[in-house]
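I opened the model today and kept notes as I went. Here is what I looked up, in the order I looked.

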Amino acid sequence: MEKLIITAAICGAEVTKEQNPAVPYTVSEIVREAKSAYDAGAAIVHLHVRKDDGTPTQSRERFRECIDAIKREIPDVILIPSTGGAVGMSAEERLQPTELFPEMATLDCGTCNFGDEIFDNTMPMMRIFGKRMLENHIKPEYECFEMGHLDTILNMAKKGEVPGAPMQFNFVLGVPGCTPATVGNLDWMVRQIPAGSTWTVTGIGRAAFPMAAAGIIMGGNVRVGFEDNLYLSRGVLAKSNGELVDKVVRLARELGREIADPAEARRILGLA
Ligand code: KMH
Ligand code: ZN
């Protein structure tokens with residue numbers, strides 16, 4: 001089995017300091033959380049950015065500021081800026097970080113429920129996102145919240161509407177209203193992906209560590225972080241993203257899986 005790539009989703013667009021005071025908003029807080037995750041063993045940081053008051057933004061300049069500041073501290077980390085942004089943002093607004101030519105960015109693979117809201121990713125929107133990634137030579141991380149998202153994106157790849165092999169998928173399971181976080185659902189999704197693809201699993205809320213354990217033993221990769229889960233264990237808030245990553249590292253060690261550093265992760269993902 002390849003080494004385990006750990007992604008830290010350090011910030012997200014929805015969680016707040018009221019829920020966990022360690023959720024980062026400012027540039028220096030974002031750098032602090034990225035470094036804590038990296039020091040604990042994350043090779044990848046999935047990045048959303050905020051205004052200083054916590055409002056989610058997709059501002060190109062805010063992304064530039066955060067990316068530059070993170071890279072000064074941890075130059076080799078792989079950054080995956082979000083093109084999902086927050087529910088309700090337009091495609092143009094969401095696409096701004098792709099103007100900075102990151103090596104990877106997320107591409108969300110279909111419309112879905114998102115708690116009480118609807119996360120819009122219509123076919124025309126996804127074609128625009130795919131075209132941008134092709135033009136700017138950005139490797140997408142395909143975010144699948146629903147089983148149907150996978151079918152959708154595989155069809156788009158076949159038509160050349162989005163970048164193709166080798167594809168990297170992130171199965172985000174347990175978002176309220178989307179595919180539940182079960183090993184059976186994860187296994188079904190993993191069986192659909194083309195040979196040579198790589199995949200990551202993200203479990204939302206209390207599913208974070210059970211899905212991490214499944215990803216570790218199934219040969220996939222794991223994402224954790226405040227975007228997905230604020231707790232280290234039942235009722236215990238995590239003090240940092242590093243604490244969440246460290247728990248995955250401990251699980252992986254117990255289960256006999258080594259951790260990939262950024263150079264190894266780049267090779268596994270076909271970036272190097
Ligand atoms: N904030 C969610 C609505 C992504 O980063 O691409 C979408 C999201 C996905 O976080
Ligand atoms: Zn995200």
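**Entry 1: Thr-83**

I began with Thr-83, which touches Gln-58, Arg-94, Thr-98, Ala-105, Thr-106, Leu-107, Asp-108, Phe-129 and Met-133, not counting residues up to four places away in sequence; contact means heavy atoms within 4.5 Å. Before going on, I noted that this is a predicted model, where local features need pLDDT of at least 70, side-chain atom pairs count only at pLDDT 80 or more, and totals for chains, interfaces and linings use all residues. Residues are numbered from 1 along each chain as its sequence is written, chains are lettered from A and ligands numbered from 1 in the order in which they are written, and side-chain values use heavy atoms, with hydrogens and water left out.

I found Thr-83 in the loop between strand E5 (78–81) and helix H3 (91–94). Helices (H or I, at least four residues) and strands (E, at least two) are DSSP runs, numbered from the N terminus. Is Thr-83 buried or exposed? Its relative accessibility is 0%, so it counts as buried. For the record, buried is under 20% relative accessible area, exposed is over 50%, and partly exposed is in between (1.4 Å probe, protein chains only).

The side chain of Thr-83 reaches the backbone oxygen of Thr-106 at 2.5 Å. That is a polar contact, meaning a pair of N or O atoms within 3.5 Å; within protein, one must be able to donate a hydrogen and the other to accept it, and residues adjacent in sequence count only if both atoms are side-chain atoms. I also checked Phe-63: C-alpha to C-alpha, Thr-83 is 11 Å from it in space and 20 residues from it in sequence.

**Entry 2: the ligands**

Thr-106 came up again at ligand 1, where an oxygen atom of the ligand is 2.7 Å from an N or O atom in the side chain of Thr-106.

Which residues hold the zinc ion (ligand 2)? His-46 (NE2), His-48 (NE2) and Glu-227 (OE) coordinate the zinc ion, at 2.1 to 2.2 Å. Donors here are N, O and S atoms within 2.8 Å of the metal (3.2 Å for Na, K and Ca), and water is not among the atoms, so sites may look incomplete. Along the chain, the zinc donors follow the spacing H-x1-H-x178-E. His-46 lies in strand E2 (residues 44–47) and Glu-227 in the loop between strand E12 (221–224) and strand E13 (231–233), so the pair ties together parts that are 181 residues apart in sequence. I noted both as buried, His-46 at 2% relative accessible area and Glu-227 at 19%.

**Entry 3**

Next I looked at E2 itself. Ile-44 and His-46 point one way from E2, Val-45 and Leu-47 point the other way, and all are buried. E2 runs parallel to strand E1, joined by 3 bridges, and to E5, over 4 bridges; strands pair if DSSP finds at least two bridges between them. Ile-44 stands opposite Thr-7 and has Ile-78 as its bridge partner in E5.

E1 (residues 6–9) also pairs with E12 in the parallel sense over 3 bridges, and there Thr-7 stands opposite Arg-223.

E11, helix H7 and E12 make a right-handed β-α-β unit: with the strands pointing away from the viewer, the path from the first strand over the helix to the second runs clockwise.

His-149 sits in helix H5 (residues 147–158) and is buried at 4% relative accessible area. I saw its side chain reach the backbone nitrogen of Phe-145 at 3.2 Å.

Arg-266 lies in helix H9 (residues 262–269) and counts as buried at 16% relative accessibility. What does its side chain meet in a polar contact? I found the side chain of Glu-103, at 2.8 Å.
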